[in-house]
Amino acid sequence: REGLLVDISSYSPSRAAAVQVLMEGFIALFHEKRLSPSTLYSRYRWLIIYMNWCDENGHSDTLDHENNARSAIRTYVNSLRRSVEQHQISKNTAAPRQFAILAVLKDYFACGDLERGTNLISFDPNLTNSTQAPSDDKHGKLIAWCQNLFDGFCDLVLENRPYPYPLKVPD
């Protein structure tokens, strides 16, 4: 997996100091075991995505002051809401994103009402759709495909067959 390229000319001492404070908060939460590692990962993963969004949408000062953060969060939540309305993501995908970001930034700013003035997206338990297991027929077809691919590649490699080598396809 590749990371994002950094434009060194965009370096900001205030952003670097803010990131240091965020990382110290992450480390403290990890060592205090107040949150599970998966919760910490999720929160900070969404924070990184949020920060990239802020940089791309004119809110790169979101960590400079809580008023800047409040404005950026309001705009970000509206952006998530548009994505929900356009059926790009569900409410149940958008809601945890905003709450994860709010949790980190509330700790960062020591501000309990950072979401004030923001129309937050609520989680809707009625929208929960479990992933259905495939039918036995579809499962069997997948296994047949996998078995044919495995057998074909084994013949190609172990039997030293000439390339291109035709693989059997299940009916």
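Select R161 to begin: setting aside residues within four places of R161 in sequence, R161 touches D155 and L156. Keep in mind along the way that this is a predicted model. R161 sits in the segment that follows α5, the helix spanning 136–158. Is R161 buried or exposed, or something in between? With a relative accessibility of 37%, R161 counts as partly exposed.

**Zoom out to the whole chain**

Now show the whole protein chain as a cartoon. You will find five helices and zero strands, and from the N terminus the order of elements reads α-α-α-α-α. Along the principal axes, the C-alpha atoms fill a box of roughly 65 × 45 × 35 Å. The radius of gyration of the protein chain is 24 Å, whereas a compact globule of 171 residues would have one near 16 Å. If you colour by accessibility, 26% of the 171 residues count as buried. Contacts can be looked at too: among those between residues at least 6 apart in sequence, 54% link residues at least 24 apart.

**Select α3 and α4**

Next, highlight residues 66–85, which form helix α3, and residues 91–109, which form helix α4. A pair of packed helices is described by the angle between their axes and the distance between those axes. Here the angle is about 175 degrees and the axes are 10 Å apart. How do α3 and α4 run relative to each other, roughly parallel or roughly antiparallel? An angle over 145 degrees counts as roughly antiparallel, and α3 and α4 are therefore roughly antiparallel to each other.

From α3, select E66, A69, I73, Y76, V77, L80 and V84; from α4, their partners are K91, A94, R97, Q98, I101, L102, L105 and F109. The residues of this contact divide into eleven nonpolar, one polar and three charged.

**Stay on α3 for S83**

While α3 is on screen, pick S83, which belongs to this helix. S83 counts as buried, at 17% relative accessibility. Beyond its neighbours within four places in sequence, S83 is in contact with Q88 and I89.

**Last stop: the cysteines**

Finally, select C54 and C111. How many disulfides does the count come to? The count is zero. C54 is in no disulfide, and the nearest cysteine sulfur, that of C111, lies 16 Å away.

Methods:
Residues are numbered from 1 along each chain as its sequence is written. This is a predicted model: local features need pLDDT of at least 70, side-chain atom pairs count only at pLDDT 80 or more; totals for chains, interfaces and linings use all residues. Side-chain values use heavy atoms; hydrogens and water are left out. Axes are lines fitted to C-alpha atoms, for helices over the stretch in contact, and angles run from 0 to 180 degrees between N-to-C directions. Helices (H or I, at least four residues) and strands (E, at least two) are DSSP runs, numbered from the N terminus. Angles under 35 degrees count as roughly parallel, over 145 as roughly antiparallel, 65 to 115 as roughly perpendicular and the rest as oblique. Contact means heavy atoms within 4.5 Å. Ala, Val, Leu, Ile, Met, Phe, Trp, Tyr, Cys and Pro count as nonpolar, Asp, Glu, Lys and Arg as charged, and the others, Gly among them, as polar. A disulfide is a pair of cysteine sulfur atoms within 2.5 Å. Buried means under 20% relative accessible area, exposed over 50%, partly exposed in between (1.4 Å probe, protein chains only). The radius of gyration is taken over C-alpha atoms; the globule rule is 2.2 Å times the number of residues to the power 0.38.
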